[in-house]
Structure formats: C-alpha cells, structure tokens
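Thanks for coming. Please have the structure open while I talk.

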Amino acid sequence: ALVSYLEHGINVNPDWVSKRLKDASSDIVFLDNAHRVGLVPKHFKAFPLGPPFLLSRRLYGIEQQSDAQGTLAFPVHSSQTRSIDFDWRRYAESLSQLPDFMQPVTACVYWLDILKGRHHVFEEFGIDVITNGHILDPEFTIHCNRNISRFKYLTGNKVSSSAFYGLDMKVPFFLHGHRHELKPSD
C-alpha cells in the first residue's frame, strides 16, 4: 500500500505530517512538494510529485484565453470543519464597484458556501456566480484551471491557493476585500 498526500492549498503547519502519517501502514509516501518530503519521519521513503493543480494545468494545456476579460473573485471559503464569517454583502458590493476595465466580475463560490446560500448576495449586485464543483470530483482541478483561464484578473479577500494557480498561468492577482474570521462549522 502507498500513501499519497496532495493538498490543493497552502499548509504552513509543520505538525500535519506526523498527524497524517501516524497510522500509515505504508513505508512509501508521495507528497506535493520537496519541503513536505523533508518533514516526513525517516522510516518512510518519501517522494515529491508536484502540486496537482499545476500538474493538471500543464497536462491539459490550460492557459489564459486570448479573449479573457473581467475579474474572477475567490471569496475566502468555508470547509467541512470551519465556517467563514465576513460581511458578504459588503464584499459583493465592493466587487461591483471595481473599475470598468476589471468588469464584469464573476464570483467563484465554494460548493459548501453555495449550499449555505451565500452566493445569492453576489447575484443581488449583478455578479455572476460559478463554482469549481465538489472537491472530490476527479475533474475539480481541471474545472478550477479552466475557470481561471477565462479571466483577465483574479482577486480574493484573502491570499489563497487560487492566487498561486492564477499567477502560474500569468493571470494577475490582487487582494481586495475586508477582514474575515473562521469559526466552527454551522
């Protein structure tokens, strides 16, 4: 048996390795970067594969489209264990007021936040809403990369993994929005 641990986001917690691998029955571990390989206990054989989002973008030849326009906004999102709390209405309104050359704005809302109805506030301000789909969809990385490729700019109210995926595709990212807080999931 092999263990593969490939995160889509950025994890700066050095304890994740010991927690994730404490019950592993394999002696071979695949990870998404060389830094994490260095955190694996020595009794494992660890190998870096590379970030799955960047690998999938290159595998499928996804680049920013020549007719890209507007701005794709990635609001900070909830997770299965944490709910995000910020003024969604204020954020949507501020996106609707970005300069004309950054319009139209589209919000890419995480599937859990759509289930919570948080996408409706964007629609109230005339902002289209899309999603990358469910995180367990085998084509999730492809959906994300294809969504990014359609836009001239990316933004978010937090620097998140989407910023790095866009920058890898040479799509400029800018931070825009208000403070947010994490709380236990509702």
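Start with helix α4, residues 88–96, where Trp88, Tyr91, Ala92, Ser94 and Leu95 are buried. Keep in mind that this is a predicted model. Why are these residues on the same side of α4? Because they cover an arc of only 160 degrees around the axis.

Next, what covers the buried residues of α4? The cover includes the strands β4 (71–74), β5 (82–85), β6 (105–108) and β8 (153–156). It also includes two helices, α5 (111–115) and α6 (120–124).

Now the nonpolar cores. The largest one has 17 residues. Phe86, Trp88, Tyr91, Leu95, Val105, Phe122 and Ile127 have the most contacts inside it. At least two residues of this core come from each of α4, β6 and α6. The largest share is that of α4, with 4 residues. Apart from this core lies another, of 16 residues, with Ile62, Phe74, Ile130 and Val171 among them.

Take Trp88 on its own for a moment. If we leave aside neighbours within four places in sequence, Trp88 is in contact with Pro75, Val76, Asp113, Arg118, Val121 and Phe122.

On to the sheet. It is open and has 5 strands, in the order β7-β6-β4-β8-β9, with parallel pairing. Which strands are at the edges? They are β7 and β9 (173–175), and each pairs on one side only. On average, neighbouring strands are turned by 30 degrees against each other, direction ignored.

Look at one pair in that sheet. β4 and β6 run parallel and are joined by 3 bridges. Ala73 stands opposite Ala107 in β6. Helix α4 packs on the sheet and touches β4, β6 and β8. The direction of α4 makes about 165 degrees with that of β4.

Last, the loop residue. Asn132 lies in the loop between β7 (128–130) and α7 (140–149). Is Asn132 buried or exposed? Its relative accessible area is 9%, and the cut-off for buried is under 20%, so Asn132 is buried. Setting aside neighbours within four places in sequence, Asn132 is in contact with Phe74, Cys108, Phe140, His143, Cys144 and Asn147. With Asn147, the side chain of Asn132 makes a polar contact of 2.7 Å.

Methods
Residues numbered from 1 in each chain as written. Predicted model: local features only at pLDDT ≥ 70, side-chain atom pairs only at ≥ 80, totals over all residues. Heavy atoms only, no water. Buried < 20%, exposed > 50% of the residue type's maximum accessible area, 1.4 Å probe, protein only. Arc of directions from axis to C-beta. Contact = heavy atoms within 4.5 Å. Polar contact = N/O pair within 3.5 Å; in protein donor to acceptor, adjacent residues only side chain to side chain. Core = buried A, V, L, I, M, F, W, Y, C linked by side-chain atoms within 4.5 Å. Pairing = 2+ DSSP bridges. Axes fitted to C-alpha atoms, helices over the stretch in contact; angles between N-to-C directions.
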